[in-house]
Amino acid sequence: SAGTSVLFNENGDAPGRYDIFQFQMTNHSHPGYHVIGQWTNNLRLNLEEMQWSGGDKSVPESICSFPCKPGERKKMVKGVPCCWHCELCDGYQYQLDEFTCETCPTDMRPVPNRTACCPTPIIKLEWNSPWALVPASLAMLGILATSAVVITFIRFNDTPIVRASGRELSYVLLTGIFLIYLITFLMIAEPGVVVCAFRRLLLGLGMAISYSAMLTKTNRIYRIFEQGKRSVTPPKFISPSSQLVITFILISVQVLGVFVWFAVVPPHTIIDYEELRPPNPDLARGILKCDMSDLSIICCLSYSIVLMVTCTVYAVKSRGVPETFNEAKPIGFTMYTTCIVWLAFVPIFFGTAQSTEKMFIQTATLTVSMSLSASVSLGMLYIPKVYVIVFHPEQNVQKRKRSFKAVVQAATQKTDKPNGDTKIEPDRTQ
C-alpha cells in the first residue's frame, strides 16, 4: 500500500529503518529531541547536530586509561587489553620500558624521574668533620705530651728518677704510646694502598708495644717478690737487656701476625655501597674505605687485649708490693682504668652497626678509646716523674740502694722498730 517492496534477510527479519534522536537540554533555541542521524543497514550520523555534556559540540576522547608518567610502568588490566594501571618504579628501580621496572646496579641509583640510573656519590671521612676533628685534636695533644716526656727523659737521662723508671723499657713504652696517638691520623686519612697497609700494621702495634713493656715490668716485679718468698736468689731474666728481649719477643707476635695477613690478603681499598643505602635512593652514598671489617679490626686488637688482660692480672697479683720499690701500683691503676675504657668501647663500637653513620662513629670511637688508653698510661706512669724532674729537682736524688735480700725482707716480714713504728707488710687482701 505504501508502494515499497517488502524485504526479509536470511534470519527472516525485515531491514530496520531508524531515526536517531538526541535529547538536547542545552539547546536554547529548540530544546528537546533532535534528529542527528539514521540507520538503514548502516549508521549515518550528523556530528554537527550533536551536542555533548555542557553543550560542547567537539567529540570527547574515548579512552580506558591515561598515559603513564615518566618512571611509571603500565600494569595491564586482566581481560581488558586496552586498559592499564600506572605503577611507580619504587626503591632503587628505574623504568626499563613502558611495561617493566628494573633494579639499578649496586654502584648506581635511579635519577629523580626514574627513567635511568646514575653513579652513586662516593664519600669518605673528611678532616673538617666533627667525627675527625675531636679524635685528631686529642691525638695531637697526646703526641705533644709524649714528645715532651721523651725530650725530658733524654735531657735528664742519667738522673735517678729516669734510671729508676727503667730507661730502656720506658723508651719502648713511650714509643708505643706515640704510635697509638699516630694511628688516629691514619684512620682519618683518605684510604689508599699505603694508608691501608700502615693501618693494619700500626692499629695493634702501638698497643702491643705498650702493653708488652708494661707486662714485662709487672711480670718482673711479680717474679722478684714471689721468688723472695722461697729464696734470696734473684729470679732469672730481670736485667734490662733480658727485659728488652722479652718485650721484643712479645711484640714480634703482633708483627708476625700482620705480615701473615699481608701475605694472605694484600691491603687494598673498597667502596661499600651497602652501608649507606637507605630506603630513599637520593640519600644513597658509597663509602671509600680500607678492606678492614669490624671482625678484622677486633682480631687486629685481640693480641693487644690479651696482653692488657694479662698485665692487669699481674698488676692485681702485685698490688701488695711496697710502692717505694717499684711501679706496680701505677701500672695497676693504669690497667684498671684502661680496662674500663675498653669495656665501654665494645658496646659503642658494635651498637652502631645499624646507624647510617656507622663508619664515622666507629672510627671516632676506636681512635678516641685508643687515645684515652694511651693518655692514661702517659699520665699515670710518666707525667708525675716529669713533674718532679722539672719542678722539684731536689727530689731527683739517688736513694740508698737495697739488696735483693733487703727488698724481699721488707716485703715479706713485719717487725717492730724500737720507736714503736713497724715496717709495712704488703696487704694481700686488698
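In this predicted model, the side chains of arginine 200 and aspartate 291 meet in a salt bridge, with 2.7 Å from N to O. The two partners come from distant parts of the chain, 91 residues apart, since arginine 200 belongs to helix H4 (residues 193–230) while aspartate 291 sits in the loop between strand S12 (285–290) and helix H6 (294–317). Arginine 200 is buried, and aspartate 291 is buried as well.

## Salt bridges

Side chains of opposite charge can pair when their charged atoms come close. How many salt bridges does a search of the whole structure find? The search finds 8, and three of them are set out in the table below.

| Salt bridge | N to O distance |
|---|---|
| arginine 200 and aspartate 291 | 2.7 Å |
| lysine 289 and glutamate 275 | 3.0 Å |
| lysine 75 and glutamate 87 | 3.6 Å |

The salt bridge between lysine 289 and glutamate 275 links strand S12, which holds lysine 289, to strand S11 (residues 269–276), which holds glutamate 275, across 14 residues of sequence. Are these two residues buried or exposed? Both lysine 289 and glutamate 275 are buried.

## The sheet around strand S12

Strands of a sheet pair through backbone hydrogen bonds, either parallel or antiparallel. Strand S12 takes part in an open sheet of 3 strands, whose order is S10-S12-S11 and whose pairing is mixed. Strand S10 (122–123) and strand S11 stand at the edges with a single partner strand each, so one side of each has no neighbour in the sheet. Strands S10 and S12 run parallel and are joined by 2 bridges; in one part of this pairing, isoleucine 122 has glycine 286 of S12 as its bridge partner.

## Aromatic pairs and charges over rings

A pair of aromatic rings is described by the distance of the centres and the angle of the planes. The structure contains 7 aromatic pairs. One of them is formed by phenylalanine 153 and tyrosine 382, which are edge-to-face, with 5.5 Å from centre to centre and 75 degrees between the planes. Phenylalanine 153 lies in helix H1 (residues 130–155) and tyrosine 382 in the loop between H8 and helix H9 (383–391), so this pair ties together parts that are 229 residues apart in sequence. Both phenylalanine 153 and tyrosine 382 are buried.

Another edge-to-face pair is made by tryptophan 342 and phenylalanine 345, at 4.9 Å centre to centre and with 75 degrees between the planes. Because tryptophan 342 and phenylalanine 345 are 3 residues apart in helix H7 (residues 328–351), about one helical turn separates them. An α-helix has 3.6 residues a turn, so residues three or four places apart point the same way. Tryptophan 342 counts as buried at 5% relative accessibility, and phenylalanine 345 counts as buried at 3%.

Charged side chains are also found over aromatic rings. The charged end of lysine 74 sits over the ring of tryptophan 84, at 4.1 Å from the ring centre, and lysine 385 lies over the face of tyrosine 382, at 6.0 Å from the centre of that ring.

Helix H8 (residues 358–381) has 24 residues and reaches 34 Å from its first C-alpha to its last, which is close to the 34 Å expected at 1.5 Å a residue. Of the 24 residues of H8, 19 are buried, so this helix is largely enclosed by the rest of the structure.

Alanine 213 is found in helix H4 and is buried, with a relative accessible area of 0%. Which residues is alanine 213 in contact with, leaving aside its neighbours within four places in sequence? Alanine 213 is then in contact with Leu169, Val172, Leu173 and Thr247. From C-alpha to C-alpha, alanine 213 and glycine 176 are 8.9 Å apart in space, while in sequence they are 37 residues apart.

Note on methods: Residues numbered from 1 in each chain as written. Predicted model: local features only at pLDDT ≥ 70, side-chain atom pairs only at ≥ 80, totals over all residues. Heavy atoms only, no water. Salt bridge = Lys/Arg side-chain N within 4 Å of Asp/Glu carboxyl O. Helix = DSSP H or I, 4+ residues; strand = E, 2+ residues; numbered from the N terminus. Buried < 20%, exposed > 50% of the residue type's maximum accessible area, 1.4 Å probe, protein only. Expected span 1.5 Å × (residues − 1). Phe/Tyr/Trp six-rings, centres within 6.5 Å; stacked < 30°, edge-to-face > 60°. Lys NZ or Arg CZ within 6 Å of the ring centre and 35° of its normal. Contact = heavy atoms within 4.5 Å. Pairing = 2+ DSSP bridges.
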